[in-house]
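Hi everyone, thanks for coming.

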Amino acid sequence: MIELKNIVKRFGDLTVLNDVSLSVAEGAVMALVGPSGGGKSTLLRCINLLEIPTSGSVEIAGDKLEFHPGARMSGKQVQLLRRHTGMVFQNFQLFPHRTVIENITEGLTTVLKWPKERARERAMALLEKVGLAHKAEVWPSTLSGGQQQRVAIARALAPSPKVLLCDEPTSALDPELSGEVVDVLAQLAREGTTMVMATHDLRLASKIANEVIVLDGGVIVETGTSRDIFTQPKRERTKRFIATLI
Ligand code: ADP
Ligand code: MG
């Protein structure tokens, strides 16, 4: 479903991703772990093309773009690939002046030009799925962090993206509240949603990731199942990093 080849991302002289290649099968869940500053967020942003890679190629659901330093990108192609992805952020990023249901319908009606009724039906179905149908008409600020993140997940899924990207989806939540978000993501994983998530949450990664990648200094330094990486990491540096999370 996702194929990244030789992704390099530079900001000026700083190389943040250095020749990253990975693939994620349809229905698989990949967790990105590693020290802060290792490039996890940048890699997610290169998958949804919020950042344009300096070089390399990104293929999602059969649509592929190659990047070359200095080359101009067609906005249309970038849009096409971007629409294959939905993104969930650490800090939810709900629209504060929209109700919960409007947070979900907004993109469908404005960007995708769906009729209002159809957008509302889709939003209600997703709110049911994340257990928040009864909160459809309230303001996001009245919800707990865990509830806000579940709305953000519903919003990301609204246009039926091929891939769900999550950037530390539980990092802003207390352990009790992160549990409900883990449960929703686990449910999506069981239903076959293809996901890539950056996370420090070992519970989340162990519960749902089929494959864990350790990103350190912009390169993939280790790859394995969550059991491999969390219980018997090969590199000394990975061992020390994992020890800080437990
Ligand atoms: P992580 O998510 O693993 O903590 P990031 O992808 O956020 O890592 O950051 C990787 C490196 O890229 C850091 O050194 C960060 O300062 C740098 N970086 C990220 N975004 C930018 C940017 N827009 N401009 C310059 N440097 C950036
Ligand atoms: Mg990050």
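Let's begin with strands β4 and β5 in this predicted model. β4 covers residues 55-60 and β5 covers residues 63-67. The two run antiparallel, and five bridges join them. If you want a pair to find by eye, look for E59, which stands opposite K64 in β5. Now, how many residues sit between β4 and β5 in the hairpin? There are two. One to click on in that turn is A61, which has a positive phi of about 50°.

Next, the ligand. Which residues surround ligand 1? You'll see F11, L14, V16 and A198, together with S36, G37, G38, G39, K40, S41 and T42. Sorted by class, that shell has six polar residues, four nonpolar ones and one charged one. Two elements, β2 (14-24) and α1 (40-47), each supply at least two residues of the shell. The largest share comes from α1, with three residues.

Let me zoom out to the annotation. The UniProt record, an unreviewed entry, places "domain: ABC transporter" at residues 2-242. In the model, that span is 37% helix and 26% strand. Its end C-alpha atoms lie 26 Å apart.

The mean pLDDT of the protein is 94, and 100% of its residues reach 70 or more. As for the overall scores, the model has an ipTM of 0.98 and a pTM of 0.95.

Thanks, and I'm happy to take questions!

Note on methods. Residues numbered from 1 in each chain as written. Chains lettered and ligands numbered in written order. Predicted model: local features only at pLDDT ≥ 70, side-chain atom pairs only at ≥ 80, totals over all residues. Pairing = 2+ DSSP bridges. Helix = DSSP H or I, 4+ residues; strand = E, 2+ residues; numbered from the N terminus. Near = placed C-beta within 6 Å. Nonpolar A, V, L, I, M, F, W, Y, C, P; charged D, E, K, R; others polar. pLDDT = per-residue confidence, 0-100. UniProt positions renumbered as here; feature names shortened; annotations may be inferred.
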